[in-house]
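Please look over the structure below with its helix packing and its nonpolar cores in mind. The report then takes up each topic in turn.

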Amino acid sequence: MSTEAGRGAARRAGLAGSPVRHSLSPVLHNAAYAALGLSGWRYDTHEVDADSLPGFVAGLGPEWAGLSVTMPGKRVALDIADVATPRARVVGAANTLTRAASGRWHADCTDVDGVADALRAAGGLRAGEGGGTALVLGAGGTAAAAVAALAELGLTEVRLVVRDPARAGEAESAARRAGLAVRVHRWADTELGELATAVRVLVSTAPPEAVARDAAALAQVPCVLDVIYHPWPTPLAETALERHGRVATGLDMLLHQSFGQVEQFTGLSAPREAMRDALREATGHTMPLPLN
């Protein structure tokens, strides 16, 4: 896209998933378009389930630059794309579909950026310290993106703690595709405090009430990402903040994953401060949302 020719042109992007009514993605993307002077651009939400996603994408007109995809359609988004990035293949899902000039759809998973950059900026993960083990609670789609991010950050091993190991296949496969050594632990049989002493990074994708009993033991991990941001703070986050003052949240993830989407859709550098400030305003300034 020509930057000058495209600034006033009518272009569209949006979020597809279900439910999406309360998504904060429009806040981020529309703030970006305003800051970039893209007066003809708009971004909105669309209730689309996984079965309906292929037809929805096929029906999008030429004014569409891209589509953010949330649950339950991320795996379908990868399947319907014409081409996909290696990291989307590693995760086994895509949250970003970008339309090329040819009309072909390009799939990516900027959720990986969301996890990695949230851990750096908000979680206190220090650059240049490669190797080590991470602990991931839960094994759903967010966990799959998390293990890909952990591999990009230089971690070499991941421990997945899940209620039912039989349901860990998605995250376990993603970890192996990413080149991580992986071990799966049944939650009921695992002493989390002992496990926490041996890891550099903790990513919790589990409900706060499931983690509360072990929050004190888990909070000793020096770099923590709790993907829950409402209600806030979670027991894990509250304890970790008291101990070492640095916790990344799902809101940090949302912010950092959106930068890559804006850049892929528009061809322009994301206005990171403007997007961060808009998200802070929309969420009542409850979190600092630091940038790298």
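## Basis of the model

This is a predicted model, in which local features need pLDDT of at least 70 and side-chain atom pairs count only at pLDDT 80 or more, while totals for chains, interfaces and linings use all residues. Residues are numbered from 1 along each chain as its sequence is written, and side-chain values use heavy atoms, with hydrogens and water left out.

## Helices α6 and α13

Helix α6 (residues 111-121) packs against helix α13 (residues 250-266) at an angle of about 120 degrees, and their axes are 7 Å apart.

On the α6 side, D111, D113, G114, V115, D117, A118 and A121 meet D252, M253, H256 and Q257 of α13, contact meaning heavy atoms within 4.5 Å. By class, this contact of α6 with α13 has four nonpolar, three polar and four charged residues.

## Nonpolar cores

The largest nonpolar core has 58 residues, and those with the most contacts inside it are L67, L97, L119, V158 and V201. Helix α7 (residues 141-152) supplies the largest share of this core, eight residues. A second, separate core of 24 residues includes A32, L38, L251 and L279. Such a core is a set of buried Ala, Val, Leu, Ile, Met, Phe, Trp, Tyr and Cys residues joined through side-chain atoms within 4.5 Å.

## Serine 25

S25 lies in helix α2 (residues 25-36). At 6% relative accessibility S25 counts as buried, which is under 20% relative accessible area with a 1.4 Å probe and protein chains only. Leaving aside neighbours within four places in sequence, S25 is in contact with L15, Y43 and L254.

Notes:
Axes fitted to C-alpha atoms, helices over the stretch in contact; angles between N-to-C directions. Helix = DSSP H or I, 4+ residues; strand = E, 2+ residues; numbered from the N terminus. Nonpolar A, V, L, I, M, F, W, Y, C, P; charged D, E, K, R; others polar. Buried < 20%, exposed > 50% of the residue type's maximum accessible area, 1.4 Å probe, protein only.
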